[in-house]
Every structure is written in structure tokens, then in C-alpha cells.
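I opened my notebook beside a new structure today. Here is what I looked up, entry by entry.

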Amino acid sequence: MARPLRDTVEYFPHDADASSRKTVKILVGRYGPAGYAVWFRLLEILCRTDGHYISCNLQEEIEFLHVETLAPDGKLLEILDLLSILGAIDAELWSKKVIWSQNLVNRLAGLYKNRRRSPPTRPNVSTGINGVSTGRNGITTTNSGVTTGINGVSTSKLRGGGGGGGGGGGGGGG
């Protein structure tokens with residue numbers, strides 16, 4: 001029986017000079033070591049989440065990310081807003097409460113090449129009339145065109161995912 005295809009990874013590179021790059025310097029400057037922790041834990045979560053994106057349209061997901069990333073009290077959304085301004089996560093998708101880092105996915109391209117297939121593509125957030133989302137979360141991916149579940153991954157799968165390896169050399173935003 002063939003192994004199922006998956007769009008998750010158990011490892012991603014964490015460059016030795018990651019802390020000297022713009023994104024991390026700004027996060028650490030504003031939030032201290034917690035900024036560093038939030039960023040790299042977020043990258044770990046993205047890596048173990050199917051499709052490498054997270055929909056934050058449910059308060060439950062925000063609460064989970066707050067705890068999982070070790071974000072300082074009440075700072076997670078502020079940090080995510082800053083990451084979108086810095087280009088570390090996609091600003092257009094974040095405006096729709098979806099976290100996606102193209103730089104991270106680009107860094108994973110070699111892994112997907114070894115799997116002999118393309119990496120996941122940027123999710124499309126579809127909207128209906130007057131900007132109302134279609135489907136349960138309004139997210140489709142361009143490589144499948146199929147609307148995904150509430151957050152692209154069941155909550156239990158997101159929580160139960162494997163480890164994430166070290167970090168990602170600035171994974172998204174350099």
C-alpha cells in the first residue's frame with residue numbers, strides 16, 4: 001500500500017545567522033527573547049500543518065497559537081500584524097486571518113523535490129458576494145482546488161502534529 005501524500009515536514013533549516021536578520025532583530029528588539037520564540041515556534045507549527053498555512057478565523061485557533069508559540073499575554077495578534085508588515089507572513093492572507101509564509105515554503109522546495117512533487121501553493125481565500133467567505137473557512141488551495149476544513153487541518157491534527165526541528169533561518173522575511 002502506498003504512503004499517503006502529505007504536505008507537512010518534520011524538519012526545516014535554521015541558519016546560524018538567523019538572529020542577525022531583519023525579521024528576528026525586530027522581533028527581539030520589540031519583544032525580547034519571546035519574539036524569537038514566537039517566530040520559530042510559528043514556523044514549526046506551519047511546517048507540521050498540512051499545506052503549511054493556518055486559518056485563524058476561529059478564536060479557538062488563536063488561543064491555541066497563543067499557547068503553542070509561547071506568546072506574551074495579549075501579544076500574539078500584535079506580533080502577527082508585525083510579521084505581515086515585515087513580509088515574513090503574507091499580508092493579504094493575514095488580513096483574512098490566514099498565516100502563510102512563502103519564504104518558508106521556498107526554503108522547503110528541496111524537500112518537495114526529493115518527494116518528486118511540487119510544494120504546496122499559496123492558499124486562495126475565496127470570497128462571495130460582499131466579501132462574505134464561501135465554505136466553512138473560504139480557503140482553497142490552487143494545487144487541488146478543494147475547499148479545506150475549518151482551518152486547513154483538523155484542530156486535533158494540528159495539536160497532535162510532530163515536532164518541528166530547530167527553526168528556519170528567518171524562514172519568512174529574511
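I began with Cys-47, which is buried, with a relative accessible area of 0%. A reminder to myself: this is a predicted model. I then turned to Cys-56 and found that this cysteine is buried too, at a relative accessible area of 4%. Both count as buried because the cut-off is under 20% relative accessible area.

How many disulfides does the count come to? I noted 0 disulfides.

Next I looked at how helices pack. Two packed helices are described by the angle between their axes and the distance between the axes.

I took helix α1, residues 22–31, and helix α4, residues 76–86. Their axes come within 11 Å and cross at roughly 150°. That makes α1 roughly antiparallel to α4, since angles over 145 degrees count that way. I also wrote down that the α1 and α4 crossing is right-handed.

Which residues make the contact? From α1 I listed Lys-22, Thr-23, Ile-26, Leu-27, Arg-30 and Tyr-31. From α4 I listed Glu-78, Ile-79, Leu-82, Leu-83 and Leu-86. Sorting the residues of this α1 and α4 contact gave me 7 nonpolar, 1 polar and 3 charged.

An α-helix has 3.6 residues a turn, so residues three or four places apart point the same way.

**Helix α2 against helix α4**

On the α2 side I found Val-38, Trp-39 and Leu-42, which meet Leu-76, Ile-79, Leu-80 and Leu-83 of α4. The residues of this α2 and α4 contact are 7 nonpolar, with no polar and no charged ones.

**Helix α3 and what follows**

In helix α3, residues 59–68, I marked the buried residues: Glu-61, Ile-62, Phe-64, Leu-65, His-66 and Glu-68. Just after α3, I saw that Leu-70 takes a positive phi of about 65°.

**A proline in a loop**

Where is Pro-120? I placed Pro-120 in the loop between α7 (109–114) and β3 (123–125). Is Pro-120 buried or exposed? Pro-120 is buried, with a relative accessible area of 6%. Last, I checked Pro-120 against Arg-6, 114 residues apart along the chain, and their C-alpha atoms are separated by 9.7 Å.

Methods:
Residues numbered from 1 in each chain as written. Predicted model: local features only at pLDDT ≥ 70, side-chain atom pairs only at ≥ 80, totals over all residues. Heavy atoms only, no water. Axes fitted to C-alpha atoms, helices over the stretch in contact; angles between N-to-C directions. Helix = DSSP H or I, 4+ residues; strand = E, 2+ residues; numbered from the N terminus. Parallel < 35°, antiparallel > 145°, perpendicular 65-115°, else oblique. Left-handed = near helix turned anticlockwise from the far one by under 90°. Contact = heavy atoms within 4.5 Å. Nonpolar A, V, L, I, M, F, W, Y, C, P; charged D, E, K, R; others polar. Disulfide = S-S within 2.5 Å. Buried < 20%, exposed > 50% of the residue type's maximum accessible area, 1.4 Å probe, protein only.
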